[in-house]
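Me: Can you walk me through some side-chain pairings in this one? I'll jump around a bit.

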Amino acid sequence: PYLLKPPLVNWAIAASGLVAGGFTAFVARLPSALAVLATALLLVAWGRRRGAPRAGQVAGILYLLLPLVFEKGIRAEIESILTFCVALGLLALYEATRGSRGAPRPPRAAWWTQLAAFGIALGVLAKGPPALLVAAATALPWLAWRGWRVLSPLGILGGIVVFVAVLSAWVIPLVSAVGWDSLKTTIDVEVLQRAQAADPGNREPFGYYLPKLIGGALPAFLLLPGLRSREVSRRHAPALLYLALWVVVPLVLFSFFSGKESRYLLPLYPALALLAGFGAEGLLAMRPHLAPRLRRLGFGLLLFAVIVKIVWIAAVVPHKNERKSPRLLAQVVSLRVPEARTITFVGKPRAQLLYYLDRPMRHVDDVEVLLGATPLPSTVLVPVETTPTADLERLRQALPGATAEDLAWGEHPYLLLTSR
């Protein structure tokens with residue numbers, strides 16, 4: 001079984017292929033695109049429920065236009081589906097606990113709490129702990145302000161049952177297939193070790209995320225000054241506080257981790273889009289005469305975004321995908337390695353590379369394990385940036401007759417050692 005990531009995205013792609021009767025690039029990317037659309041519709045529905053239909057509509061449109069949302073929405077990757085799950089969970093949690101500080105518990109709180117648990121559990125099935133991290137970073141300060149008694153005991157109990165039941169759909173079959181030890185080892189390597197020490201290519205300074213968040217959320221940030229409107233801030237104060245916590249607290253928390261990538265910010269963008277929607281409503285409340293101009297500006301931005309995105313899909317995306325694709329590396333390796341020979345990969349196996357390589361593959365955790373094997377493998381592929389220089393030299397000495405060749409996957413260098 002594939003243990004490096006939870007299975008929800010793979011299940012969604014498999015279901016897409018089953019319905020389509022086969023697999024193509026379009027079929028594989030369809031779940032991500034549908035998740036983006038579903039998230040936008042969720043924002044529209046939540047805005048209407050909060051008595052701000054115009055804010056919800058603006059938020060839904062803005063969400064579809066955000067650059068990072070668009071980039072991830074046309075790829076067969078995890079982030080778009082993860083973002084929908086987190087948005088479903090956190091918006092449901094607000095419905096279960098909405099109101100001012102010390103206000104009584106809202107109606108149907110237990111049902112909304114269970115729906116929140118369902119959404120976060122799906123997020124864990126999509127990418128694991130990041131879903132819990134965003135949810136906890138938002139919920140804990142919110143509940144500390146709102147009052148813990150707002151939580152329904154029946155909702156908490158039902159939420160725990162729902163959460164465990166959803167995760168059991170994966171964990172129980174997985175444990176029966178590979179055992180607890182393999183699962184615990186994967187959690188240790190993929191979660192604990194990665195949280196403590198980032199890959200060299202992902203290490204960034206503390207302030208890395210703020211400009212990424214602003215750049216990825218244009219043009220939504222241009223509407224945030226409208227939140228100064230007294231009418232909007234008075235009518236929707238608790239919701240605005242909740243959405244602000246959803247953005248700010250996870251952003252600060254992520255900044256403390258040494259490993260950083262802009263895609264980690266995607267679950268924060270539904271909250272940003274909603275804040276921008278309320279900002280647009282505030283601007284119209286403060287300047288009603290601006291409504292026609294804002295409509296023209298919105299239409300112009302929409303048209304501009306559509307043109308830019310068409311150019312992006314036609315010209316930029318194919319170039320970026322080709323540059324980052326492991327296909328070229330796999331083709332070169334296949335030319336160097338006889339068809340029946342097994343390639344030993346040092347370190348964590350790369351699923352994309354395994355997909356394109358048409359050679360038998362095995363992997364070892366590190367060079368020390370490889371050097372202890374008897375006999376030594378005849379073909380070794382080593383990621384240079386994550387392997388100490390001393391270990392690379394030891395490998396060369398252990399395979400003195402091997403041909404060494406420096407290869408690359410995008411910006412990631414590899415060393416291929418091949419014996420006759």
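Me: What does E79 form with K127, and how far apart are the closest N and O atoms?
Reply: A salt bridge. The closest N and O atoms are 2.6 Å apart. Keep in mind that this is a predicted model.

Me: Where do the two sit in the chain?
Reply: E79 is in helix 5, residues 79-97. K127 is in helix 6, residues 109-127. The pair links distant parts of the chain, 48 residues apart.

Me: Are E79 and K127 buried or exposed?
Reply: Both E79 and K127 are buried. E79 has 3% relative accessibility, so it falls under the 20% cut-off for buried.

Me: Which arginine forms a salt bridge with E79?
Reply: R263 does. There the closest N and O atoms are 2.8 Å apart. R263 lies in the loop between helix 11 (237-256) and helix 12 (269-286), and E79 is in helix 5, so this pair ties together parts that are 184 residues apart in sequence.

Me: How many salt bridges does the structure hold?
Reply: 11.

Me: Which residues are linked in a network of them?
Reply: R49, R50, E95 and R98 are linked that way.

Me: And R75, what is its salt-bridge partner?
Reply: E77. The closest N and O atoms of R75 and E77 are 3.6 Å apart.

Me: Why does R75 count as buried?
Reply: Because its relative accessible area is 17%, and buried means under 20%. E77 is at 26%, so it counts as partly exposed.

Me: New topic. Where is T387 found?
Reply: In the loop between strand 3 (379-383) and helix 17 (389-398). T387 is buried, with a relative accessible area of 10%.

Me: What does the T387 side chain reach?
Reply: The backbone oxygen of P383, at 2.7 Å.

Me: Leaving aside neighbours within four places in sequence, what is T387 in contact with?
Reply: V367, V382 and L392.

Me: Now T344. Which strand is it in?
Reply: Strand 1, residues 343-346. T344 is buried, at a relative accessible area of 1%.

Me: What does T344 touch, not counting residues up to four places away in sequence?
Reply: R362, V364, L370, P377, T379, V380 and L381.

Me: What separates the C-alpha atoms of T344 and L417?
Reply: 9.8 Å. Along the chain, T344 and L417 are 73 residues apart.

Technical notes: Residues numbered from 1 in each chain as written. Predicted model: local features only at pLDDT ≥ 70, side-chain atom pairs only at ≥ 80, totals over all residues. Heavy atoms only, no water. Salt bridge = Lys/Arg side-chain N within 4 Å of Asp/Glu carboxyl O. Buried < 20%, exposed > 50% of the residue type's maximum accessible area, 1.4 Å probe, protein only. Helix = DSSP H or I, 4+ residues; strand = E, 2+ residues; numbered from the N terminus. Polar contact = N/O pair within 3.5 Å; in protein donor to acceptor, adjacent residues only side chain to side chain. Contact = heavy atoms within 4.5 Å.
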